[in-house]
Amino acid sequence: MITQYIYTYGYRVEEVELCQLEMRSLFGKQSETGVLMSDICINPDRSPFMRERLEVLYEGNTLEDIYEQVTQIVLGDQTFKVIFMKMNDLSAADKIEYDDQRNIERKLGLIIEGDADVRQPDQTFGILTLGGRWYFGYYIKSKAIWLSHMKKPKSYSIALSTRVARAIVNIAIPDPAGVKAIDPCCGIGTVLVEALSMDIDMVGRDINHFVVQGTRENLIHFNYESSVECGDIAEVTEHYDVAIIDLPYNHFSHTTPEAQVALIQHARRIADKAIIVTVGNIDDLLADVGFTILDRCTTRKSNFIRQIIVCQ
């Protein structure tokens, strides 16, 4: 039998498109409700939007079906806790109130053979309703590791936010196994830090010597190790599976339109796949250098809109 996993999500209005592109990249589909079921196993720590994951053990049309099935659980000396997962697709009229949620937790706790411990359980179980059915299984809550990366010793006003950078890494590299990646315009290393925190093999590069020094300081601060070189993308001779390029822009950047064209041309040369972050319309340019656009979204911060384009 194929194991099913249920993921719950939280995101701001301006992050909807980005979150859904991350969903499509990781799972090949998206959810409109903030709850997604898949047979693909992803650690919820990876995504800045994932809140929880339920590894389904039992399912049924009614709570009574679940109560009957959990009698099979024998934990021995292990302690446990049951959590009613609040995210669901119920209408407002069918909402399960707080007291009823606690009663469901308590009833399950009485049925399961083992010692309950609400503070430091050996095993945490979750229960939720979705699509008219009930699901019970192993529960994991995201540790939101990326939050600590917001406090970098070196920062940069126009850098991608940590949340956006982490989502972009997941979009670029849904399955890290055996993947070699590069951020050839790494700036202060926001993308690089997120990739390395997920054990992704990524190197960084930037043409600005002072920025590279800041990137190296950030990596040392978080105890991550990778090659970060100072130099132009034109000097890259190795080939990579994926390149992530946040195109330079605005008055902080002295990059000419011709230099941006060269960046994309070299991205096509050094990588099989590229994620391009841009504030301008570059569809024709991507086609001219031989890229095919596979997927895309926009992400907004106030009135500032970035396009995130997946190319191959």
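1. A quick definition to begin with: a residue counts as buried under 20% relative accessible area, as exposed over 50%, and as partly exposed in between. Cys-230, at 37% relative accessibility, is therefore partly exposed. Please keep in mind as you read on that this is a predicted model.

2. Staying with the cysteines, how many disulfides are there? The count comes to zero. For Cys-230, the nearest cysteine sulfur belongs to Cys-186 and is 9.4 Å away. Cys-297 is buried, with a relative accessible area of 4%. Its closest cysteine sulfur, in Cys-19, is 10 Å off, which is too far for a bond.

3. Seven strands make up an open, mixed sheet in the order E2-E1-E3-E7-E6-E4-E5. E2 and strand E5 (113-116) are the edge strands; each has a single partner strand, so one side of each lacks a neighbour in the sheet. On average, neighbouring strands are turned by 40° against each other, direction ignored.

4. Within that sheet, have a look at E4 (residues 74-84) and E6 (residues 123-130), which run parallel and are joined by five bridges. Phe-84 sits opposite Ile-127 in E6. Helix H3 (residues 98-111) lies across E4, E5, E6 and strand E7 (133-141), and runs at about 170° to E4.

5. Helix H1 (residues 16-27) deserves a point of its own. Its 12 residues reach 16 Å from first C-alpha to last, close to the 16 Å expected at 1.5 Å a residue. Among its buried residues are Leu-18, Cys-19, Leu-21, Met-23, Leu-26 and Phe-27, but also Gln-20 and Glu-22. The buried residues of H1 pack against several elements, including strand E3 (50-60), helix H4 (162-172) and strand E13 (293-301). After H1 comes Gly-28, with a positive phi near 80°.

6. Which residues have the most contacts inside the largest nonpolar core? They are Tyr-9, Met-202 and Ile-308, in a core of 45 residues. Elements that each supply at least two residues to this core include E1, H1, helix H5 (190-197), strand E11 (240-246) and E14. H4 gives the largest share, seven residues.

7. Leaving aside neighbours within four places in sequence, Met-202 is in contact with, among others, Ile-173, Ala-181, Val-191, Leu-192, Leu-196 and Ile-244. The contacts of Met-202 also include Asp-183 and Ser-226. Another core, of 23 residues, lies apart from the largest one, and among its members are Val-236, Leu-263, Leu-285 and Leu-286.

Methods: Residues numbered from 1 in each chain as written. Predicted model: local features only at pLDDT ≥ 70, side-chain atom pairs only at ≥ 80, totals over all residues. Heavy atoms only, no water. Disulfide = S-S within 2.5 Å. Buried < 20%, exposed > 50% of the residue type's maximum accessible area, 1.4 Å probe, protein only. Helix = DSSP H or I, 4+ residues; strand = E, 2+ residues; numbered from the N terminus. Expected span 1.5 Å × (residues − 1). Contact = heavy atoms within 4.5 Å. Core = buried A, V, L, I, M, F, W, Y, C linked by side-chain atoms within 4.5 Å. Pairing = 2+ DSSP bridges. Axes fitted to C-alpha atoms, helices over the stretch in contact; angles between N-to-C directions.
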